[in-house]
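Subject: Handing over the structure

Hi there,

Here is the structure I promised to pass on to you. Have a look at it first, and then read on for what turned up.

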Amino acid sequence: LYTVSGVVMLPVILRRLGLAEYGIYSLGYSIMAYLTILDLGFFNTAIRYIAQYRAKQDWKGLHTLLGMFFVIYLFLSCIVIVISIVLYFHVGSFFGQTMTQEECGLIKRCLVVIAINVALTFPLSIFKATAIAYEHFFIQRGLEILRLVANFVLTIIFIELGFRVFSLIMITALCNIAILLILLFYSITTL
């Protein structure tokens, strides 16, 4: 599904945005990918230990574990914000030779959205890990498919309506955060 949506969206995005804005779009997604590497495998570790504590029915230990991972993810979110602030104030020195002033401003605006998205994704991902550890794969996978489809449809609609790169970054962030908030609600009410 990811591959198909990428293959379908690429020509549409390239045609509508042009090479310069597509480059900014790609740069934004690359920055997002690099920032999410800061997870350092904590997500998979959380799944393993949540499942382990659940199997032992050690609810006190589970709550302590969830709290610990939440604090770790809050710390990682702070690191994301610091890195993003540094990037924001140094966009000109990194890209000033190859980008216009307007393009540097656009990257800065996109960077703010990317930073908020990743900073919120880290602590909210604990609820995704919980759904997986509790073997609620249907809801987790269903929401991932919903996020992908919503992102795909909204991107195509907005690009055809003439919206530019900032809107596309915003769509991705909003779809991601919406799905994580649904998982938060699901975890609190069901698990």
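The salt bridges come to 5 in this predicted model, where a salt bridge is a side-chain nitrogen of Lys or Arg within 4 Å of a carboxyl oxygen of Asp or Glu. One of them joins the side chains of Glu-160 and Arg-15, with N and O at 3.1 Å. This pair links distant parts of the chain, since Glu-160 belongs to helix 5 (residues 137-160) and Arg-15 to helix 1 (residues 2-36), 145 residues apart. Helices here are DSSP runs of H or I with at least four residues, strands are runs of E with at least two, and both are numbered from the N terminus.

Glu-160 also forms a salt bridge with Arg-16, whose closest N and O atoms are 2.5 Å apart. Because Arg-16 lies in helix 1 and Glu-160 in helix 5, that pair ties together parts 144 residues apart in sequence.

Another salt bridge brings together the side chains of Glu-144 and Lys-128, at 3.1 Å from N to O. Glu-144 lies in helix 5 and Lys-128 in helix 4, so the pair ties together parts that are 16 residues apart in sequence. Glu-144 is buried, with a relative accessible area of 12%.

A few words on the ground rules. Residues are numbered from 1 along each chain as its sequence is written, and side-chain values use heavy atoms, with hydrogens and water left out. As the model is a predicted one, local features need pLDDT of at least 70 and side-chain atom pairs count only at pLDDT 80 or more, whereas totals for chains, interfaces and linings use all residues.

Now for the overall build. The chain has 6 helices and 0 strands, so from the N terminus on you can read its elements as α-α-α-α-α-α. Its C-alpha trace spans about 60 × 35 × 20 Å along the principal axes. Of the 191 residues, 41% count as buried.

How do the helices pack? Helix 4 and helix 6 (residues 165-190) meet at an angle of about 20°, with their axes 9 Å apart. That makes the two helices roughly parallel, and their crossing is left-handed. Helix 2 (residues 42-56) and helix 4 have axes that come within 8 Å and cross at roughly 50°. These two are therefore oblique to each other, and their crossing is right-handed.

On the terms: axes are lines fitted to C-alpha atoms, for helices over the stretch in contact, with angles from 0 to 180 degrees between N-to-C directions. Angles under 35 degrees count as roughly parallel, over 145 as roughly antiparallel, 65 to 115 as roughly perpendicular, and the rest as oblique. A crossing is left-handed if the near helix is turned anticlockwise from the far one by less than a right angle, and right-handed if clockwise.

Helix 3 (59-95) and helix 4 (101-133) are the elements that give two or more residues to the patch, and the largest share, 4 residues, comes from helix 3. Ile-85 lies in helix 3 and counts as partly exposed at 44% relative accessibility.

Last, two loop residues. Most residues other than glycine have a negative phi. Leu-40, in the loop between helix 1 and helix 2, has a positive phi of about 55° and counts as exposed at 63% relative accessibility. Glu-135 sits in the loop between helix 4 and helix 5; its phi is positive, near 60°, and it counts as exposed at 58%.

Enjoy exploring it!

Best wishes

Methods. Buried < 20%, exposed > 50% of the residue type's maximum accessible area, 1.4 Å probe, protein only.
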